[in-house]
Amino acid sequence: MQTEARTSSEFTREFALRAASITMGFVFFMGGWRRFINVPAKHDITSPASLASKLVEAAPGSPVESMIHWVLAHPFIAEWSIYMMSTAEVLVGLGLMLGLFARVAATGGAGLNFALMLIFGWEGYECLDEWTMAALGFAISVSVMIYGAGRYSLDSLLKRDDFARYFGRKISLALTVLSVVFTVGFYSYYFGIFQLHKLTSVKAYHITALQVPGKPDQARLYVNAGPSAASAYVTSIVFTLADGSTVVEPADKIAVVKSLFEPWSHHSGKVVDGVMKMGLGAMVDIRLPAGAKSAVIKMIDSKPSQVAF
């Protein structure tokens with residue numbers, strides 16, 4: 001009886017792990033497949049539909065914000081980063097679904113989920129989907145790294161598990177702890193545990209002003225908070241000059257020099273129906289009135305943003 005119970009328990013454990021591995025693998029595989037086959041424009045760096053547009057929106061709340069901006073400033077690197085990610089998703093997905101080089105695939109899956117959490121995890125403030133996928137994907141990947149593909153896999157059929165020796169008791173315990181810290185730590189960082197704080201505004205946009213290198217007469221407006229589903233609509237900017245006087249520039253009078261990260265910023269800085277449109281993560285360089293020291297940026301349905309130059 002004990003032997004039958006043990007066999008049944010092992011059978012259940014094997015199939016439970018395969019179910020989780022196949023599911024995670026399918027999610028990864030279809031992520032890459034969708035960009036290669038269904039929507040190839042996601043790989044077209046010259047298209048507004050490029051995955052780079054998601055990076056523009058993701059940058060404001062990411063802990064690697066400056067790195068994302070650096071990648072976006074180099075389209076060649078952005079393009080190949082997207083291709084490499086899609087290729088990795090396909091290979092990791094196949095490995096997890098088939099149970100082929102499963103521990104290697106799971107290690108790659110953990111890396112992908114870590115990157116997803118760093119870049120997109122904060123966007124869970126809208127629906128938690130981004131955070132949930134990365135957290136569960138990391139946990140599943142760690143489970144496969146520790147246990148392997150199991151009996152019902154190509155690794156088992158081929159009688160090989162070349163990397164099993166690297167996942168002994170100490171490494172397995174460390175990975176388990178890491179998985180818990182990863183999930184709890186990022187949730188606390190992005191959203192808070194005892195008090196929901198959220199890193200960015202859920203309801204309203206905020207615009208800050210950055211320096212334009214070598215251009216003291218310009219400022220770079222940056223939408224660093226707000227929902228990604230719509231845009232910030234600037235109605236006017238009230239500049240305060242060095243002598244204390246003010247200059248009001250309505251949207252159609254704001255001297256826009258250029259919009260960065262186009263076409264992925266979807267023509268931010270363009271005036272539509274009397275307001276200047278700026279999407280989440282957009283950066284727009286404007287020319288300042290002579291002597292401008294600070295300004296109040298007025299928007300529709302959001303509190304005015306106060307900036308200094």
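Contact, in these exercises, means heavy atoms within 4.5 Å. The model is predicted, so local features need pLDDT of at least 70 and side-chain atom pairs count only at pLDDT 80 or more, while totals for chains, interfaces and linings use all residues. Residues are numbered from 1 along each chain as its sequence is written, and side-chain values use heavy atoms, with hydrogens and water left out.

**Exercise 1. Find what isoleucine 286 is in contact with, leaving aside its neighbours within four places in sequence.**

Step 1: Now look at the largest nonpolar core, which has 71 residues. A nonpolar core is a set of buried Ala, Val, Leu, Ile, Met, Phe, Trp, Tyr and Cys residues joined through side-chain atoms within 4.5 Å. Ile286 is among the members that touch the most others, together with Leu221, Val234 and Ile237.
Step 2: Helix H5 (residues 102-120) gives the most to this core, with 10 residues.

**Exercise 2. Decide whether serine 231 is buried or exposed.**

Step 1: Locate serine 231 in strand S3 (residues 231-241). Helices (H or I, at least four residues) and strands (E, at least two) are DSSP runs, numbered from the N terminus.
Step 2: Recall the cut-offs: buried is under 20% relative accessible area, exposed over 50%, and partly exposed in between (1.4 Å probe, protein chains only).
Step 3: With a relative accessible area of 11%, serine 231 is buried.
Step 4: Not counting residues up to four places away in sequence, serine 231 touches Tyr205, Lys277, Met278 and Gly279.

**Exercise 3. Describe the aromatic pair of phenylalanine 36 and tyrosine 83.**

Step 1: Rings of Phe, Tyr and Trp (its six-membered ring) pair if their centres lie within 6.5 Å; planes under 30 degrees apart count as stacked, over 60 as edge-to-face and the rest as tilted.
Step 2: The whole structure holds 16 aromatic pairs. In the one formed by phenylalanine 36 and tyrosine 83, the distance is 6.4 Å centre to centre and the angle between the planes is 45°, so the pair is tilted.
Step 3: Phenylalanine 36 lies in helix H1 (residues 2-38) and tyrosine 83 in helix H4 (residues 75-98), so the pair ties together parts 47 residues apart in sequence.
Step 4: Phenylalanine 36 is partly exposed at 34% relative accessibility, and tyrosine 83 is partly exposed at 28%.
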